[in-house]
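Hi everyone, thanks for making time this morning.

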Amino acid sequence: MISNVTILLSIIIIIVSNLLLSATTVASFSFWPYHYVHVTNELTGGKVLLVHCKSGTRDLGVQNITPAKELTWRFRPGFLVVSTLYWCYVAPDDSHHIHFDAWTNDVAGKYEYDYNMSWVVKDDGLYVRIPTRGDLCWQKWDQGRMERDSEILLTRFN
């Protein structure tokens with residue numbers, strides 16, 4: 001005699017198999033939503049912001065963000081990975097820079113997070129944008145440019 005557990009498992013396997021066959025990838029399922037990261041240039045005086053963001057597997061390249069514009073990307077955290085990390089290097093000129101983790105499970109968990117992590121670069125530093133609380137200062141500018149910044153950026157995960 002077939003048990004209820006066996007019948008239930010068979011039904012689940014059939015449903016999951018149909019979903020897998022109808023989708024191009026597992027990532028297209030709605031239960032695995034995209035997460036978005038935004039880095040917005042709110043510098044005054046028409047300053048263009050240099051931004052370089054990457055993860056261990058994806059390099060977004062060096063971007064020049066004009067005033068009142070943003071760099072936005074989306075990703076799905078690793079399905080079987082405990083944590084995903086995206087980090088960024090930002091510089092408004094040759095005299096200042098900030099290097100920060102733009103998305104980690106820890107950072108996202110500290111704030112009201114609705115699959116959008118918003119960072120705002122201002123004249124005095126980096127802010128995290130919280131929809132119900134406004135912009136909170138995250139980090140002030142470090143002096144100078146990172147030495148050999150491109151080498152550091154490319155070898156962070158090696």
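Let me start with a term: two strands pair if DSSP finds at least two bridges between them. The strands themselves, and helices too, are DSSP runs numbered from the N terminus, with at least two residues (E) for a strand and at least four (H or I) for a helix. What you see is a predicted model, where local features need pLDDT of at least 70, side-chain atom pairs count only at pLDDT 80 or more, and totals for chains, interfaces and linings use all residues. Residues are numbered from 1 along each chain as its sequence is written, and side-chain values use heavy atoms, leaving out hydrogens and water.

Let's begin with strand β1, residues 35-41. With strand β7, residues 116-122, β1 runs parallel, and six bridges join the two. Within that pairing, Val39 sits opposite Trp119 of β7. Strand β4, residues 70-75, is also joined to β1 by six bridges, but here the strands run antiparallel. Val37 has Trp73 as its bridge partner in β4.

So, how much of β1 is buried? Buried, by the way, means under 20% relative accessible area, exposed means over 50%, and partly exposed is in between, using a 1.4 Å probe and protein chains only. Six of the seven residues of β1 are buried, so the strand is largely enclosed by the rest of the structure.

Ala68 counts as exposed because its relative accessibility is 69%.

Now for the open sheet. Five strands make it up, in the order β3-β2-β5-β6-β10, with antiparallel pairing. β3 and β10 (142-143) are at the edges with a single partner strand each, so one side of each has no neighbour in the sheet. Two bridges pair β10 with strand β6, residues 96-103, in the antiparallel sense. There, His97 stands opposite Asp142 of β10.

Finally, the cysteines. Which ones form a disulfide, meaning a pair of sulfur atoms within 2.5 Å? Cys53 and Cys88 do, with their sulfur atoms 2.0 Å apart. Cys53 is in strand β2 (residues 49-55) and Cys88 in strand β5 (residues 86-91), so the pair ties together parts 35 residues apart in sequence. The torsion about their S-S bond is about 110°, so this disulfide is right-handed. Both Cys53 and Cys88 are buried, while Cys137, at 42% relative accessibility, counts as partly exposed.

Technical notes:
Disulfide = S-S within 2.5 Å.
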